[in-house]
Amino acid sequence: MTKDESEGLDRKRRGKRTQKILDDADLRDDDATARDAEADERAKAADLKSFMDIKNPYAGQDDRRAAAHDRANSKIDRESSAEDRVNLTEDEI
C-alpha cells in the first residue's frame, strides 16, 4: 500500500468516526427534545389535575418533579452533544 493510499484510508476511517459521533449527537438531541415535550405534557397534566382537585391542592407534585428531572437530563444530553461537536472541531484545527 502506498503512502497516499494509506492516508486516504486513514481519512476515510476518520470521516466515518466523525460521522458516527455527529449522528450520535443528533440522536441525543432528538431524544432530549422528545423527553422535553413529554415532560411538558406531564407537567401540564399535573397542573390541571391540581387545579381541578379542590380537596387536595398539591396533587401532581411528584409528576412535576419527575418532569423537571427529565428536563435536567435533557440539558445534560444537549451539553454532551455540543461538547462532542466542539471536540471534533478542535481536532481539525
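Visitor: Which residue forms a salt bridge with Arg-28?

Guide: Keep in mind that this is a predicted model. Side chains of opposite charge can pair when their charged atoms come close. For Arg-28, the closest N and O atoms of the pair are 2.5 Å apart, and the partner is Asp-84.

Visitor: How many residues apart in sequence are the parts that Arg-28 and Asp-84 tie together?

Guide: Arg-28 forms its salt bridge with Asp-84. Arg-28 sits in helix α1 while Asp-84 sits in helix α2, so the pair links parts whose separation in sequence is 56 residues.

Visitor: Is Arg-28 buried or exposed, or partly exposed?

Guide: Buried would call for under 20% relative accessible area, and exposed for over 50%. Arg-28 comes out at 21% relative accessibility, so the label is partly exposed.

Visitor: Which residue meets Asp-26 in a salt bridge, and in which helix does that partner lie?

Guide: The side chain of Asp-26 meets that of Arg-85, at 2.5 Å from N to O. Asp-26 belongs to helix α1, so the pair ties together parts 59 residues apart in sequence, with Arg-85 in helix α2 (residues 61-92).

Visitor: What about Lys-44: which residue does it pair with, and how far along the helix is that?

Guide: Lys-44 has a salt bridge too, with the closest N and O atoms 3.9 Å apart, and its partner is Glu-41. Both lie in helix α1, about one turn of the helix from each other, which is three residues.

Visitor: Leaving aside neighbours within four places in sequence, which residues is Arg-42 in contact with?

Guide: Arg-42 is located in helix α1. With close sequence neighbours set aside, the contacts of Arg-42 are Asp-63, Ala-66, Ala-67 and Asp-70.

Visitor: Which residues form a nonpolar patch on the surface?

Guide: One member, Met-52, is in helix α1 (residues 3-52). Met-52 has a relative accessible area of 59%, so it counts as exposed. Together the patch has about 390 Å² of accessible area, and its members are Leu-48, Phe-51 and Met-52.

Visitor: And overall, what percentage of the residues count as buried?

Guide: The secondary structure amounts to two helices and zero strands. The accessible surface is about 7,300 Å², with 53% of that belonging to carbon and sulfur atoms. Among the 93 residues, the buried share is 15%.

Technical notes: Residues are numbered from 1 along each chain as its sequence is written. This is a predicted model: local features need pLDDT of at least 70, side-chain atom pairs count only at pLDDT 80 or more; totals for chains, interfaces and linings use all residues. Side-chain values use heavy atoms; hydrogens and water are left out. Patches are made of residues with over 30% relative accessible area and no salt bridge: like charges are joined within 9 Å, nonpolar side chains (Val, Leu, Ile, Met, Phe, Trp, Tyr) within 5 Å. Accessible areas come from the Shrake-Rupley method with a 1.4 Å probe; for residues, only the protein chains shown count as cover. A salt bridge is a side-chain nitrogen of Lys or Arg within 4 Å of a carboxyl oxygen of Asp or Glu. Helices (H or I, at least four residues) and strands (E, at least two) are DSSP runs, numbered from the N terminus. Buried means under 20% relative accessible area, exposed over 50%, partly exposed in between (1.4 Å probe, protein chains only). Contact means heavy atoms within 4.5 Å.
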